[in-house]
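Open the model in your viewer and keep a selection panel at hand. The stops below go from the whole chain down to single residues.

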Amino acid sequence: MRIASAVVLLSCGAAALAVETPPAPSAPKNFQVPAKSERALGNGLQLTFVEFGSIPKTTITAVVRAGNLNEGNNTWLADLTGELMKEGAGARSANQLAEAAASMGGAVNLSVGPDQTSISLDVLSEHGEEAVAMIADLLRRPQLPESELARIKRDFGRQLALSRSQPDSLANETFLALLYPNHPYGKLYPTDAQLAAYTIDQVRAFHHDNFGATRTHIYVAGRFERAKIERAIEQGFGDWAAGAAQLVNPPTGVSKRQIKLIDRPGAPQSTIYLGLPAIDPSQPEYLQLSLTNSLLGGEFSSRITSNIRESKGYAYSPQSSLDVQYRSGYWIEEADVTTEHTGDSLQEIYAEIDRLQREPPSPQELAGMQNYRAGVFVLQNATRGALIGQLAYMDLHGLPDDYLTHLVERIYAITPDQVGAAARKYIRPQEMTLVIVGDLAKVRPQLAKVPQLKGLSLQ
Amino acid sequence: MSRYQHLLAAAAALAVAGCAGQKVSEPAAASPPPAATATPPAPALNVPTEYYKLGNGLRVVLSEDHSVPLATVAVYYNIGFRIEPRDRTGFAHLFEHMMFQGSTNLGKMEFIKLVQTNGGVLNGSTRFDFTNYFEVVPSNTLETMLWAEADRMGGLNITQANLDNQNGVVQNEVKVNVLNRPYGGFPWLDVPQYANRNWYNAHNFYGDLKDLDAATLKDVLAFHETYYGPNNAVVVVAGDFDPAQARAWIEKYFAGIKGRPLPAQPDISEPPQTEERRASKVDALAPRPALAVAYHVPERWTPEWLAFGVIDQLLLQGEDSALTRKLVKERGYTDSVSGGINLLGNMFNYQGPMLWTAGLVHDSEHSTDQILADIDATIRQVQEQPVSAAEFDRALTKMRSQFYNVIGSASRFGMVDLLASFALFDDDPGRINGLDAQFRKVTPELIQQTARKYLVPSNRTVLTIEPGKAEGGKGAAP
């Protein structure tokens, strides 16, 4: 039994008392992922509804399989199209759209990614139908006004200059170019000349060629009147042309040991990007790799973070992750480390990978990470936006309908040996691309002493 | 692979964890102001609040809600970076890190592991007037978390090695967030230093690296003794729990921690500003100039302060706001103008002088004065014409909708933050349910009056960032 007075005594600084152990949790409660219901319109547009929560709001998100993948060599044409779609749609100007969205308690949230463009409105429930109508205007009837093109291009140019002044953006650009040399995913930023040359006709053609019903999935989550929202969607989208089927063109990433150094004279930190192509979520061993990543570097309590942050103090927010797109993905460790400890940090990262490959984690360590993943699973499915994010992820990667229902039990079924095997099979330092942005005069001599880099040119 | 970034959006709070451990996509505590109100005819959502104090002075707020089997525990201490020791800039934040380094019964890394292996997420942050620590956990582990928070309120057990280590981590935090990036402290860290005259409001909150190096173990332990007593704190528990059970656990684990005399609060009042302040900073990493304007805001809970909350919505929040319309859409100076009241939180979670700040990055072909003239013209509209009913309604609708997100969030970070702030600063967490009525009292006349009194050049600071390198070559702007 633990009693409150023990806390008092210890708090007064009395040493040498027996260390108290934390009270054990009670039995966990069940959490049911809110049920979804699905259907399709005649033109192929997919619909998913999740009635959920008590807050009188509705989130409506339309996800279109049109993204940077579809640009070919016209880097950022998808982004430019997305930005211009907000500059007037249907009969409304950009200002009128912004005002109408705000009057519903929301804002037009449009984002363009590698595989998808998504438009989302999170509004007070009584405005759900209006929001659907606005999304229909934005997707189907954007004005794509030429009058705004120069301004948006200038904004993009400014963003580009800003990105090029940030070490993480530079590292990311270089890393992706090395990983995917002949694919749109490998072209993070356009050149200034490229951006300047885009015309309104290219934007309109991109929209015309890539936006249509078969590529679109609309998610509705929160509190809403199902019949009314469904009718609004039928009215807004029922007569939309099917359009072209989605483009399938996953890249084959480069798996080889290579290094690229970018000089940032005087930089107090080195920005490290170290990674390699990995499997995507449709693969059977993906969950094992994902848990392996959590344990190796994905979380605050993970091994690499414990080592280079909490033990050595070399970094503030190092993190490894699996970055996935449709039928492709890569594992990466990203860390901003003290310049003087760039070589040391790399050696510790390699050492942690090596240790996990040689020796499976203890059942206790693995159980801790399994508990963590099971716990955050609730957080990941308990708000409108988060839930839609999960469902869209499943749909993009073609995961089975009961994926969420069985995810927690599948996480708990993973064994220490499977983690060790995943580390050996997928996290292979001898095939990793390494990018470092930093003060090379200070960094190069350190790299020369890192055994894993032996034989690579450090120029 | 988000290609379109908003450098000035929501400055990060000074936090113990960076991205690590924060993979859950939830509005973080430092997200844009969770402002609040409710306009009829919408159903008035009521946040249940139970408020009481332990014998040792610890304030406790319980807010029960069984919609999701999670519980959020937050402990807020009434000590922020604003009043840290004069020769120890950055100490309050460094200390925040030390709260994770070992306490009476939990060794280094054990607190973090205890939370994560129980399926929870955690963080801490340092703000103007408080330092907070919070966990979101499966609700069956609530007792464990209360025990752990009580353990570190009860006492730290740390070594010089722990301090050296976290000094390294914090210095890397400063480097990654400020020193090695363009516009690093702009405007959130920079503006208070130019806009204020009282040292407490005007010093470097992250701290000079040499001051950080000077911190000793003795300082750390003395800081805990002085500011981390139960009578200087509030514990908030929100979510899925039984209040009677939670009360019993809180009594069991916290009641024995002794209260102690609190030092007198230093004078943090800011002398009235009488003329415009202008400052310029060279940023060697910045490819473009940047501009921020900052105005001192009315005192909390005055009618003018409420009016200022509405003005913030009208001028700066959302794509429909007047400054976005003028500076972004009409003039094309920038792709984004952003800011608000209290860039390290929101209009509710501070206690003392505060600024309303708006900032933007622009091309060098446009001068500061040209942009200021347009800002002034936009402000003049609010000063000269009463806001229309439609605009007023839109402002309140934005606040109400955002408030729903705050109380409907699964992590409950934003809601707990309001409850803790109202308990710490106002001794009245129930204010969370009266906000709608408060903002409803604001009249168009009061908005005009407030804008005329506060949004004047003599009450503002203009800070510009000058790129340290010549532009050209890299720039795309035609």
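Two residues count as in contact if their C-beta atoms, placed from the backbone, lie within 7 Å. This is a predicted model, in which local features need pLDDT of at least 70 and side-chain atom pairs count only at pLDDT 80 or more, while totals for chains, interfaces and linings use all residues. Residues are numbered from 1 along each chain as its sequence is written, and chains are lettered from A and ligands numbered from 1 in the order in which they are written.

**Domains.** Select 37–237 of chain A for domain 1, then 258–453 for domain 2; these bounds come from an automatic or database domain assignment. Over C-alpha atoms, the centres of the two domains of chain A are 29 Å apart. Across the boundary, 25 residues of domain 1 of chain A are in contact with 23 residues of domain 2 of chain A.

**The side of domain 1 that touches domain 2.** Select β2 (46–51), β3 (57–64), α6 (167–179) and β6 (216–222) of chain A: each supplies at least two residues of this side. Helices (H or I, at least four residues) and strands (E, at least two) are DSSP runs, numbered from the N terminus. Which element gives the most to this side? α6(A) does, with nine residues.

**Strands.** Two strands pair if DSSP finds at least two bridges between them. Select β1 (residues 37–40) of chain A: β1 pairs with β2(A) in the antiparallel sense over four bridges. Arg39(A) has Leu47(A) in β2(A) as its bridge partner. The two strands β1(A) and β2(A) form a hairpin with five residues between them, and in the turn Gly44(A) has a positive phi of about 100°. Next, show β2(A) with β6(A), a parallel pair over six bridges. Val50(A) stands opposite Ala221(A) in β6(A).
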